[in-house]
Amino acid sequence: MGVDRSAPMIDLARSKAVERGLTDTTFEVGEMSRMPVQSASVDAVVSRFALLYEDFADVLPSLAETARVLRPGGAFSLAVWDRAELNTLIALFHHVASDVPGADALPDPFAYDVLATPGHRAALLSGAGFAAVEETAFTFDYRVPDQAALVEVLHTSPYGPHLDALEPAERTTVEKRLATHAAGYRQSDGSYQIPITCRLLWGRR
Ligand SMILES: C[S@@+](CC[C@H](N)C(=O)[O-])C[C@H]1O[C@@H](n2cnc3c(N)ncnc32)[C@H](O)[C@@H]1O
């Protein structure tokens, strides 16, 4: 069962499940802090970049809900961002967009750095009653086939709506700046390979 508060993300998950031939799946638009399942009924909780990351107000209620739904001994595995500077792609987007008109209203990925304070998330998990919490850094390569695809990722990122509201000339300046700053990640075939470091936390209830 997959839960996300965003209907488009749930639609995407449903279509990926069909693509991969997965059956016996359900996907629901909903909140991590109110999962539609009975207490102690779930074998494992897996979250990529949502639980313990996105929603400050919801961090503790979501953890309490995870503890409620997991059966005793049930496992959890959570991918979370590390400090924003280690999320190379977002740090790059933030940098190239930082002096556009209205930049004050841009999303600030560095605001989440407080959650990445060493030991902070593990302590939150232990406090919520999880045992044997382990944590490690994890680096993966984000790949896009060419510059146009990199620009498209920028436009579909949380920066997109701000950039789309710019004059065309200003938008072009940002896109050119992105190409310049990303040059170090460009491969000989024109694709980009951008190393991103995140963290994994796992353990049992
Ligand atoms: C960075 S995206 C990751 C999406 C997906 N898990 C993946 O790995 O591709 C974070 C997702 O968390 C969802 N989200 C954030 N806070 C949430 C909450 N309190 N309840 C449910 N979903 C939430 C957002 O809607 C968004 O789709």
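Colleague: Which strand is joined to β5 by 12 bridges, and do the two run parallel or antiparallel?

Modeller: In this predicted model, the partner of β5 is β6 (residues 192-204), and the two strands run antiparallel, joined by 12 bridges. As a general idea, strands of a sheet pair through backbone hydrogen bonds, either parallel or antiparallel.

Colleague: What is the order of the strands in the open sheet?

Modeller: The open sheet has 4 strands in the order β3-β4-β6-β5, and the pairing is mixed. At the edges stand β3 and β5 (131-144); each has a single partner strand, so one side of each is left without a neighbour in the sheet. From one strand to the next, the twist averages 15°.

Colleague: Which strands does α2 lie across, and which does α3 lie across?

Modeller: Helix α2 lies across β3 and β4 (70-81), running at about 145° to β4. Helix α3 (residues 88-97) lies across β5 and β6, and its angle to β6 is about 125°.

Colleague: What is the phi of Ala-40, and where is this residue found?

Modeller: Ala-40 has a positive phi of about 55°, although it is not a glycine. The residue is found in the loop between β2 (27-29) and β3 (42-48). Ala-40 is partly exposed, with 13 other C-beta atoms within 10 Å.

Colleague: Where does Phe-49 lie?

Modeller: Phe-49 lies in the loop between β3 and α2 (59-69). Its phi is positive, near 60°, in a residue other than glycine. Phe-49 is partly exposed, with 13 other C-beta atoms within 10 Å.

Conventions
Residues numbered from 1 in each chain as written. Predicted model: local features only at pLDDT ≥ 70, side-chain atom pairs only at ≥ 80, totals over all residues. Buried ≥ 20, exposed ≤ 12 C-beta atoms within 10 Å, placed from the backbone. Pairing = 2+ DSSP bridges. Axes fitted to C-alpha atoms, helices over the stretch in contact; angles between N-to-C directions. Contact = placed C-beta atoms within 7 Å.
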